[in-house]
Amino acid sequence: LNYILKILWHEFSCVFYINQSLMNAVNDHYLVPEQMKGTEKNLQSYITALTVEDAEDMFVEAKDKMLDINNWKKENSFFSSFILTDSHGKEVHRHAHAGDFIRIANAAGASLYNWIHVDAIEYDDYPDINTETIAIRIHPSKEPRIKDEEEAYLINSAVSSTIVIERLDRRLTSLYHGRNEIIGGTGNQADEVWQSLINSFLICE
């Protein structure tokens with residue numbers, strides 16, 4: 001009976017207890033750049049597992065989902081595809097590495113792609129406080145095959161997005177930090193996309 005209750009609680013917490021909120025003040029991960037201009041955005045979702053062991057397993061699953069860029073499309077309808085490429089723009093099917101690029105197409109069927117560079121990916125373990133984190137920082141980029149001087153003026157290098165997954169004891173938190181963003185008419189829609197994505201990392205399968 002205890003085993004069955006444990007399974008039921010695990011499923012219940014994964015599906016129904018994903019809490020999300022817009023944060024006004026957060027303790028930023030060290031990969032999050034300084035806010036200098038434009039808009040700062042912080043979003044989070046969290047769940048609490050029954051045991052530390054469950055939380056550790058859920059962290060591994062969430063980490064795999066975060067690094068599986070090619071499957072990000074499953075979690076939103078605003079973009080038609082997220083394609084992970086290497087530093088030369090060649091499509092790859094693996095977890096993301098620092099130095100990779102992400103090619104994005106929107107659902108409206110535009111012929112032009114948006115490109116994102118994966119600046120850094122960092123995993124940290126803090127056993128003294130029973131905490132571990134993994135973070136990925138990305139920012140808008142030119143197409144990898146374009147020379148540095150070509151179309152560089154189109155890219156605002158200060159804009160960044162950092163996604164962090166943190167396990168603190170039994171609590172698992174998924175966070176989005178946008179820095180120096182330039183928000184146009186799709187600001188609220190962009191928030192929904194990022195919130196949906198970080199929620200998805202915490203859903204058990």
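## Ground rules

Residues are numbered from 1 along each chain as its sequence is written, and side-chain values use heavy atoms, with hydrogens and water left out. Because the model is predicted, local features need pLDDT of at least 70 and side-chain atom pairs count only at pLDDT 80 or more, while totals for chains, interfaces and linings use all residues.

Helices (H or I, at least four residues) and strands (E, at least two) are DSSP runs, numbered from the N terminus. Buried means under 20% relative accessible area, exposed means over 50%, and partly exposed lies in between (1.4 Å probe, protein chains only).

Start with strand β6, residues 131-141. Nine of its eleven residues are buried. Two strands pair if DSSP finds at least two bridges between them. Strand β5 (residues 114-126) runs antiparallel to β6, and eleven bridges join them. One example is Trp-115, whose bridge partner in β6 is Ser-141.

Thr-131 belongs to strand β6. Its relative accessibility is 5%, so Thr-131 counts as buried. A polar atom of its side chain lies 3.0 Å from the backbone oxygen of Ile-129. That is a polar contact: a pair of N or O atoms within 3.5 Å; within protein, one must be able to donate a hydrogen and the other to accept it, and residues adjacent in sequence count only if both atoms are side-chain atoms. Contact in the plain sense means heavy atoms within 4.5 Å. Not counting residues up to four places away in sequence, Thr-131 touches Asp-124, Asp-125, Tyr-126, Glu-166, Arg-167 and Leu-168.

Glu-166 sits in strand β7, residues 160-168. Is Glu-166 buried or partly exposed? It counts as partly exposed, because its relative accessibility is 29%. Beyond its neighbours within four places in sequence, Glu-166 is in contact with several residues, including Phe-59, Glu-132, Arg-171 and Leu-172. Asp-125 is 41 residues away from Glu-166 along the chain, and their C-alpha atoms are separated by 9.9 Å.

## Two nonpolar cores

A nonpolar core is a set of buried Ala, Val, Leu, Ile, Met, Phe, Trp, Tyr and Cys residues joined through side-chain atoms within 4.5 Å. The largest one here has 32 residues. Those with the most contacts inside it are Met-66, Ile-69, Ile-102, Ile-163, Ile-165, Leu-172 and Phe-201. Helix α2 (residues 52-67) gives the most to this core, with six residues. Apart from it lies another core, of five residues, among them Leu-31, Ala-120, Val-164 and Leu-175.

Leaving out residues up to four places away in sequence, Ile-69 touches Phe-82, Leu-84, Ala-96, Ile-102 and Ile-136. In soluble globular proteins, nonpolar side chains tend to be buried together.

## Aromatic pairs

Rings of Phe, Tyr and Trp (its six-membered ring) pair if their centres lie within 6.5 Å; planes under 30 degrees apart count as stacked, over 60 as edge-to-face and the rest as tilted. By this rule there are five aromatic pairs. Trp-72 and Phe-82 are edge-to-face, at 5.6 Å centre to centre and 70° between the planes. Trp-72 lies in the loop between α2 and β3 (79-85) and Phe-82 in strand β3, so this pair ties together parts ten residues apart in sequence. Trp-72 is buried at 2% relative accessibility. Phe-82 is buried too, at 7%.

How are the rings of Tyr-176 and Trp-194 arranged? The pair is stacked, because the centres are 4.5 Å apart and the planes are at 20°. Tyr-176 is in strand β8 (residues 171-181) and Trp-194 in helix α3 (residues 187-200), 18 residues apart. Tyr-176 is buried at 1% relative accessibility, and Trp-194 is buried at 17%. Elsewhere, ring pairs link Trp-72, Phe-82 and Phe-201 into a cluster.
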